[in-house]
Amino acid sequence: MVRRIDVTGADGIRLAAWEFTDPPKGEGEGWQHNGRKPGVLLLHGLMGRAAHWADTARWLGARYRPVGLDQRGHGRSEKPADGPFDRKTYVDDAVAVIEQLELAPAAVVGHSMGALTAWQLAASRPELVSALVICDMRASALGAASQREWADWFRSWPVPFATLADVRKWFGEDDPTLERPRPARGEFFAEVMAERADGWRPVFSRRQMLSARDAWVHDAHWDDLAQVRCPTVVVRGLDGELGRAEAQEMVRVLPQGAYAEIADAGHWLPWEQPEEWRRIVEPFLQAVIPT
C-alpha cells in the first residue's frame, strides 16, 4: 500500500509525502507511527518524483519505514510560480517532513539533487540524520556553461509527445545528448509526464527546474560534505555524471565515508541496475542502523 500524507513545508507550501509501508493491522488511516521501525527519507533528483523510489521502498519496508517526498515543484507537491527554489528551502522542506512524520533520526537516500539536499540536511541538522546514501551527485561547481547546456536541452524537447511510447523512445534512444540507448531513462521520464488536451507534457515547469538547478551549479559543496558526521556511502555508476576521482575525494572528505560503484550503469543507476543498487544499499543500512 502507498499512502499520501500532506506535509507543510517551508513558507507554508503543501508537500506530498508518500509512505510505502502498510500501517499495523486494524489501525488504518488514523495510524500514527510510534517508532517501531527506523525512518528512511527518499529524495528524488531534479525532475523526479517520490514514485521513482517505489521498488527501493518495497525492500526497505521489511526493516524500515520508507517515506518518499515529492519535493517542491515536483510530483504532487505545490509548484509556487516564484519559488523559492534555493538550497536552504529544499533542506527546510526535508526537515519539515522528518519532524512532522516523526522519522528522526532518519537514514536519507538521495539521488542527484536529492543527494545534495540530503548531505546539506545532515550537515545543518545532524540530530535528524542517522545515515546517508549519496547517489551520483557531484560536490564540485559545474558552472554557467552547464546551466546554458541545460537550458538548450530543455528547449530541444519535442513537446507535446503524442504518446507515452514516444516519451520513452525520445528520452531513452533519440535524445541527441545520449551516447547510447538507456531504456531506464525513458521509463524515468514516462513517469513524470501527464496527458493534456494536446498530448503528453511534463508535470513540472522546465523554467522552475532551471531555477532550482541555478541554486547549486555555480557553487562547490565540499564544505557541507565535510560537516556530515553520520555514516555515508557514495554510490556512482561507471558511466554516471560523478567521476571516480571526484567520488573517491568525496569519500575522503566525509568523516565516515564509503565508496561503491555499479558497472554498466549511468546517472539512473538505481533503475538501470536495481539488484546491484540493493546489493550496496541494503547491507550498508543494516550495518549502521540498529533495527
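Biologist: How many residues does helix α3 have, and what does it reach from its first C-alpha to its last?

Modeller: This is a predicted model, so read everything below as prediction. Helix α3 covers residues 113-124, which is 12 residues. From first C-alpha to last, α3 reaches 17 Å. That is close to the 16 Å expected at 1.5 Å a residue.

Biologist: Is α3 mostly covered or mostly exposed?

Modeller: Mostly covered. Of the 12 residues in α3, 11 are buried. Among them are M113, L116, W119 and L121.

Biologist: Which elements do the buried residues of α3 pack against?

Modeller: The strands are β3 (39-43), β5 (106-111) and β6 (129-135). The helices are α2 (87-100), α8 (222-226) and α9 (244-253).

Biologist: Take α2 and α3. At what angle do the axes cross?

Modeller: Roughly 75°, and the axes come within 9 Å. Angles of 65 to 115 degrees count as roughly perpendicular. α2 and α3 are therefore roughly perpendicular to each other. On the α2 side, the contact is made by R87, Y90, V91, A94, V95 and I98. On the α3 side, the residues are M113, L116, T117, Q120, L121 and S124.

Biologist: Now charges. How many salt bridges does the count come to?

Modeller: Side chains of opposite charge can pair when their charged atoms come close. Here the count comes to 24 salt bridges. One of them joins R72 and D93, at 2.6 Å from N to O. This pair links distant parts of the chain. R72 sits in the loop between β4 (65-70) and α2, while D93 is in helix α2, 21 residues apart. Both R72 and D93 are buried.

Biologist: Where do D239 and R180 lie?

Modeller: First, their side chains meet in a salt bridge of 3.3 Å, N to O. D239 lies in the loop between β9 (232-237) and α9, and R180 in the loop between α5 (164-174) and α6, so the pair ties together parts 59 residues apart in sequence. D239 is partly exposed, with a relative accessible area of 43%. R180 also counts as partly exposed, at 35%. A network of salt bridges links R180, R182, D239, D264 and E272.

Biologist: What about a pair inside one helix: how many residues apart are E249 and R252?

Modeller: They are 3 residues apart in helix α9, which means a separation of about one helical turn. E249 is partly exposed at 29% relative accessibility. R252 is exposed, at 58%.

Biologist: Which side chain of opposite charge is nearest to R213?

Modeller: E241, at 6.1 Å. A salt bridge needs nitrogen and oxygen within 4 Å. R213 has no salt bridge, yet is buried. R213 is in helix α7 (residues 206-214). Beyond its sequence neighbours, R213 is in contact with L46, L142, S146, Q147 and W150.

Biologist: Let me try sequence against space. How many residues apart in sequence are E191 and R49?

Modeller: They are 142 residues apart in sequence, but 8.2 Å apart in space, C-alpha to C-alpha. E191 is found in the loop between α6 (183-190) and β7 (193-196). E191 touches R49, A51 and H52, setting aside residues up to four places away in sequence. At 38% relative accessibility, E191 counts as partly exposed.

Biologist: And A258: which strand holds this residue?

Modeller: Strand β10, residues 257-262. A258 is partly exposed, at 30% relative accessibility. Leaving out residues up to four places away in sequence, A258 touches T232, V233, V234 and V251.

How values were computed. Residues numbered from 1 in each chain as written. Predicted model: local features only at pLDDT ≥ 70, side-chain atom pairs only at ≥ 80, totals over all residues. Heavy atoms only, no water. Helix = DSSP H or I, 4+ residues; strand = E, 2+ residues; numbered from the N terminus. Buried < 20%, exposed > 50% of the residue type's maximum accessible area, 1.4 Å probe, protein only. Contact = heavy atoms within 4.5 Å. Lys, Arg positive; Asp, Glu negative; His and termini not counted. Expected span 1.5 Å × (residues − 1). Axes fitted to C-alpha atoms, helices over the stretch in contact; angles between N-to-C directions. Parallel < 35°, antiparallel > 145°, perpendicular 65-115°, else oblique.
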